[in-house]
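Hello,

Here is the structure for your files. My notes on the helix packing and the chain contact follow below.

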Amino acid sequence: MKAKKVMVIEDDATLLVAYATKLRMEGFQVTTATDGAAGLKLAIKEQPGVILLDLLMPHLSGQDFLRAYDVTGQHRNCKIVVFSNVSDPKVVDECLALGATKYLVKSAFTPNDMVEIVNELIK
Amino acid sequence: MKSQTSEAFYRSLFENALDGFAYCQMLFDKSGNPIDFRYIKVNENFEKLTGLKEAEGRKATELIPGIKTSNPELFEIYGRVALTGKPERFETYIEPLGRWFFVSVYSPKKKFFMAVFQNITGRKGAERNLENEKIATRNVLEDLSVEESKYEALTKDLEKFKLALENVSDNMIITDPEGIVIYANKAVEKVTGYKPEEAVGRKSGALWKTPMPVEYYQKLWDTVKKQKRVFTGEIQNRRKNGEVYTAAISITPILDDKNEVEFFVSIERDITIEKEVDLAKSEFVSLASHQLRTPVSGIKATLAMLVGGDLGPLNALQQQFAERAYQANEREIKLIEDLLSVTRVESGRMTLEPQLADLGQLVQDILADHATFFKQHGQKLLVRLPRRPVRSWVDPDKLRLVIDNLVDNARKYTPDGGTITVAVRRLGTSILLSVADTGIGIPRQDQSKLFQKFSRVASNPPGSPDGTGLGLYLVKRIVEMHHGRVTVRSARGRGSTFTVRLPYHERQP
């Protein structure tokens with residue numbers, strides 16, 4: 001089912017493996033990418049319902065991904081959860097203005113928390 | 001010359017001369033002192049020059065009453081000449097006649113004298129006028145020299161003042177009310193690249209080709225020209241070479257007696273480097289926070305799955321170790337968060353963003369995050385909120401940090417089964433927010449250092465939970481940013497009560 005598709009775009013392998021594993025265990029169809037540009041290509045192909053998006057990544061930053069993926073237009077039904085270790089309020093505001101649904105600071109959440117959040121968004 | 005001819009000649013000369021002639025007989029007292037003289041013969045001009053009529057045959061004291069008192073020297077001179085025959089010349093002012101005379105006197109025979117005189121009143125007047133003018137001129141010159149010395153002193157002061165202006169490191173520009181530069185000091189060239197002579201006479205805004213928005217200038221002119229108040233702010237201007245620089249600016253309108261703007265004094269300090277350093281610091285904190293959080297986030301996610309059984313069942317010992325590792329990592333995360341908050345507070349980058357918030361609701365939200373811990377440790381939580389919500393202008397995110405730290409401490413230092421009481425109430429113009437526990441308490445000697453950075457209670461019993469030593473320091477700083485204060489009441493073994501008193505703002509302060 002298209003709505004159950006979750007994509008994780010994250011360049012930190014430890015985090016990527018943990019979150020992708022947990023989400024798969026919970027029954028989501030998970031695809032992953034380790035940089036913004038690869039993530040953009042895959043997202044266009046896969047059309048996930050939720051994307052966990054890191055910000056500081058090679059090739060294409062999270063902010064650039066939000067602009068390129070046309071989150072406020074063509075892909076407005078896709079929920080983007082920015083998941084970053086940057087907590088600068090200016091960056092938070094920027095991402096929300098670019099169409100992100102949520103902005104979460106990684107160190108404050110566990111994979112369990114994320115399952116709850118994704119379930120809530122995908123309902 | 002025959003004597004008759006010569007007599008006729010002298011007579012003619014006597015009659016027709018322009019000078020006054022008077023031939024007189026000197027009169028002496030018994031002791032031989034000159035006391036008066038009698039006019040024997042006078043010419044026509046005598047009358048004209050003296051104004052005295054029918055003088056011949058009369059005594060001087062009769063003809064000119066008061067002369068003896070006013071001109072005693074006249075009698076002495078005439079007497080002397082009449083006796084000695086030695087001619088004398090003198091100038092005299094005959095007060096009863098109100099005239100000046102130049103007199104030449106000689107004696108053709110003993111006890112007789114001939115006075116030949118000119119009326120010099122006009123010349124004397126001119127001389128007096130001249131003298132008066134001289135005095136007046138001297139006075140004026142003296143006044144001038146006083147003025148001059150004042151002027152010199154003022155000029156010297158101005159020179160000193162100018163020298164001071166010239167050499168201050170801040171840009172200093174004086175403009176007329178229209179913004180045309182009339183003075184620029186040396187620093188202007190150093191900062192902008194424009195020589196003072198290039199700046200003078202040109203409109204200041206046009207000169208720097210400033211990239212500021214129009215609204216900025218509207219506000220600036222409105223402040224200094226309409227409201228006639230000092231304008232301070234940050235401005236971006238362009239140097240002569242096109243480079244943009246940031247400056248802290250202060251423009252003061254100088255008003256005349258009629259309260260009209262006479263000129264503007266603008267002082268600018270180039271803060272480009274400070275700004276760059278500030279930005280670099282800010283970027284460093286942002287980058288550091290990212291770099292510090294990245295590994296602990298990975299550890300957290302991995303251990304959370306391990307502890308949660310996502311990766312298969314663990315035996316009791318494995319579970320215990322995994323949980324310890326998870327908690328150690330959580331402390332690391334807390335330390336990083338506190339350090340970052342302290343850095344933000346101390347560098348002035350933590351600013352309040354106040355909004356109208358329901359403080360009771362805020363407390364309940366925070367307590368919900370701690371609910372699992374209270375349950376696990378059998379701690380009783382009492383929440384006392386007023387019936388009517390307390391809504392005030394605060395920064396809820398920052399205040400969350402305050403309440404969270406206080407609740408976190410309370411539950412950590414309270415043994416299992418203890419009670420934690422959180423209360424919010426309004427007291428007049430204040431809001432009181434308190435967190436009380438039945439924990440181990442803080443000895444009096446440690447209380448004064450409690451809110452200092454990295455301060456730990458030295459006398460805590462072994463096995464007491466670890467803290468970063470930053471939590472209460474942050475609490476104090478954030479409460480102070482809200483213009484409030486935080487206090488503690490505690491005794492060893494009798495629990496602690498932390499009270500935060502904040503000003504109540506129903507409307508935006």
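In chain B, the axes of helix 12 (residues 316-346) and helix 16 (residues 471-481) come within 10 Å and cross at roughly 35 degrees. Axes are lines fitted to C-alpha atoms, for helices over the stretch in contact, with angles from 0 to 180 degrees between N-to-C directions; helices are DSSP runs (H or I, at least four residues), numbered from the N terminus. The crossing of helix 12 of chain B and helix 16 of chain B is left-handed (near helix turned anticlockwise from the far one by less than a right angle; clockwise is right-handed). Contact (heavy atoms within 4.5 Å) involves Asp338(B), Ser341(B), Val342(B), Val345(B) and Glu346(B) of helix 12 of chain B, and Gly471(B), Tyr473(B), Leu474(B) and Arg477(B) of helix 16 of chain B.

This is a predicted model: local features need pLDDT of at least 70 and side-chain atom pairs pLDDT 80 or more, while totals for chains, interfaces and linings use all residues. Residues are numbered from 1 along each chain as written, chains are lettered from A and ligands numbered from 1 in the order written, and side-chain values use heavy atoms, without hydrogens and water.

Also in chain B, the axes of helix 13 (residues 359-376) and helix 14 (residues 396-412) come within 10 Å, crossing at roughly 40 degrees. The crossing of helix 13 of chain B and helix 14 of chain B is right-handed.

Between the chains, 19 residues of chain B are in contact with 20 residues of chain A. The count there is 1 salt bridge (side-chain nitrogen of Lys or Arg within 4 Å of a carboxyl oxygen of Asp or Glu): Lys22(A) pairs with Asp310(B), the closest N and O atoms being 2.7 Å apart.

Regards

Conventions:
Helices (H or I, at least four residues) and strands (E, at least two) are DSSP runs, numbered from the N terminus.
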